[in-house]
Amino acid sequence: MREEIIAAVKAAGVVGAGGAGFPTHVKINAAVDTVIVNGAECEPLLRAHQLLMDTESSKLLIGLKAVMLATGARRGVIGLKRKYAAAVDKLQAEFKQAKEQELELFFLADIYPAGDEQVLVHEVTGRIVPEGGIPLHVGVVVANVETMINIAEALAGKPVTGKYVTVTGAVGRPATFKAPIGMAIRELIELAGGTTVRDYAVIDGGPMMGKLTTVDQPVTKTTGGIIVLPAEHSLVSGKSMPWPVVANRAKAVCCNCRACTDVCPRYLLGHSLEPHRIMQAFGRGQCNAGDVVTQAFLCCECGACDTFGCTMGLSPRRVNAELKRQFGQAGIKNQHNAKPRYPRTTRQYRLIPAKRLLYRLGLEAYDGNAPLVTNPVTTQAVRILLLQHIGIPAQPIVRVGAMVNKGDLIAVIPEGAAVGCNLHASISGQVAAVDDAIVIQAMS
């Protein structure tokens with residue numbers, strides 16, 4: 001049974017439906033004692049997972065139990081916030097009806113980033129993931145709500161062809177859609193009533209960890225949100241600031257007050273990541289101070305340091321990201337592997353309340369409902385990227401002119417690749433192009 005579950009998940013092209021898109025068949029091919037469903041959805045404005053925990057609760061439990069069976073886990077936990085009242089009621093009813101003994105709900109504090117998998121693991125189990133490690137190293141597998149639902153679908157022979165996306169911000173009718181993978185972001189914004197401002201920018205993902213994008217870009221397996229904001233919004237200014245400006249400001253302005261370190265979730269868990277020391281070394285041009293600057297490897301880029309910590313408008317996150325990029329080019333590997341036993345004693349006083357973060361970001365005007373649209377979302381064309389996951393790009397197995405049906409396999413994991421993902425047609429139609437993506441045109 002274990003091998004059958006892993007094979008079905010691999011065949012269906014399931015990846016982590018958030019973050020970097022790690023192929024799920026690789027993640028669940030492990031032995032652990034605990035499986036955690038990440039239902040925190042701590043990024044402000046996003047709504048998909050709390051809606052799915054209500055409307056797709058049965059599939060969520062099927063996916064969770066399948067992962068427990070594949071990994072040998074005896075404990076299955078759904079971590080969510082008590083304020084997701086509809087989801088809580090639905091899941092509790094499901095547990096009672098099924099008389100589940102091995103599954104439980106765990107109520108997370110309404111903090112950011114409760115959904116960071118290392119924070120989540122500590123909150124649920126009390127364990128601390130080692131520096132540079134993953135939950136597997138402490139006997140845990142973590143997957144988010146949509147990933148678990150996709151696992152349940154995979155067991156029924158249904159591949160991943162759609163993505164639940166919250167479209168919100170400066171739009172006429174904020175909503176959550178299940179969009180065909182490869183659909184243009186522009187079309188989703190139009191379905192949400194179009195923009196309500198003339199000059200705007202678009203964030204792919206949440207306001208904290210999301211990236212600026214364009215309306216021509218396609219939905220991928222990891223697209224969790226599309227946030228439209230006025231072009232002059234402070235979030236847009238921060239995300240669009242060129243690296244030379246970020247670097248020069250860091251060198252000229254940072255006073256090493258350590259406010260960034262005091263709110264860093266990984267530091268508070270006991271890791272030796274001190275952003276203010278990295279900023280100090282960077283500002284002094286001491287980038288050969290290995291033990292200090294290589295702490296950047298431990299940064300999860302959650303943005304707590306620059307959004308909630310620094311009062312000077314600096315971005316330790318951007319500095320850490322650039323250092324990691326340079327280390328990668330230079331072939332420098334992470335050497336930090338300490339195993340903290342306890343979190344910092346100040347952690348309980350440094351947690352970031354979600355509501356305060358919302359106001360700090362200047363997003364309170366957009367903090368409304370984004371209901372799930374149940375009507376099927378259709379499009380005339382999709383552009384399915386060959387690389388929308390960690391690992392090697394998928395290898396196309398279709399040619400221009402070929403006719404495909406929704407759900408057909410169109411690209412496979414390259415032979416010999418340790419990490420990769422299959423891709424499937426998200427609409428029926430004719431293949432119009434094959435390059436770094438497969439373009440499918442619907443037949444009228």
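Lys355 and Asp367 form a salt bridge, with their closest N and O atoms 3.3 Å apart. A salt bridge here is a side-chain nitrogen of Lys or Arg within 4 Å of a carboxyl oxygen of Asp or Glu. Lys355 lies in helix 18 (residues 354-360) and Asp367 in the loop between helix 18 and strand 12 (381-385), so the pair ties together parts 12 residues apart in sequence. Lys355 is partly exposed at 49% relative accessibility. Asp367 is also partly exposed, at 31%. Buried means under 20% relative accessible area, exposed over 50%, and partly exposed in between (1.4 Å probe, protein chains only).

This is a predicted model: local features need pLDDT of at least 70, side-chain atom pairs count only at pLDDT 80 or more, and totals for chains, interfaces and linings use all residues. Residues are numbered from 1 along each chain as its sequence is written, and side-chain values use heavy atoms, leaving out hydrogens and water.

The structure holds 20 salt bridges. One of them joins Lys81 to Asp110, with the closest N and O atoms 3.1 Å apart. Lys81 sits in strand 2 (residues 75-81) and Asp110 in the loop between strand 3 (103-108) and strand 4 (111-112), so this pair ties together parts 29 residues apart in sequence. Lys81 is buried, at 2% relative accessibility. Asp110 is partly exposed, at 32%.

## Helix 4 meets helix 5

Helix 4 (residues 57-71) and helix 5 (residues 85-98) pack at about 60°, with axes 10 Å apart. Helices (H or I, at least four residues) and strands (E, at least two) are DSSP runs, numbered from the N terminus. Axes are lines fitted to C-alpha atoms, for helices over the stretch in contact, and angles run from 0 to 180 degrees between N-to-C directions. Angles under 35 degrees count as roughly parallel, over 145 as roughly antiparallel, 65 to 115 as roughly perpendicular and the rest as oblique.

Ser57, Ser58, Leu60 and Leu61 of helix 4 meet Lys90, Leu91, Glu94 and Phe95 of helix 5. Contact means heavy atoms within 4.5 Å.

## Helix 13 meets helix 16

The axes of helix 13 (residues 275-283) and helix 16 (residues 316-330) come within 10 Å and cross at roughly 70°. That makes helix 13 roughly perpendicular to helix 16. Pro275, Ile278, Met279 and Phe282 of helix 13 make the contact with Pro316, Val319, Asn320 and Leu323 of helix 16.
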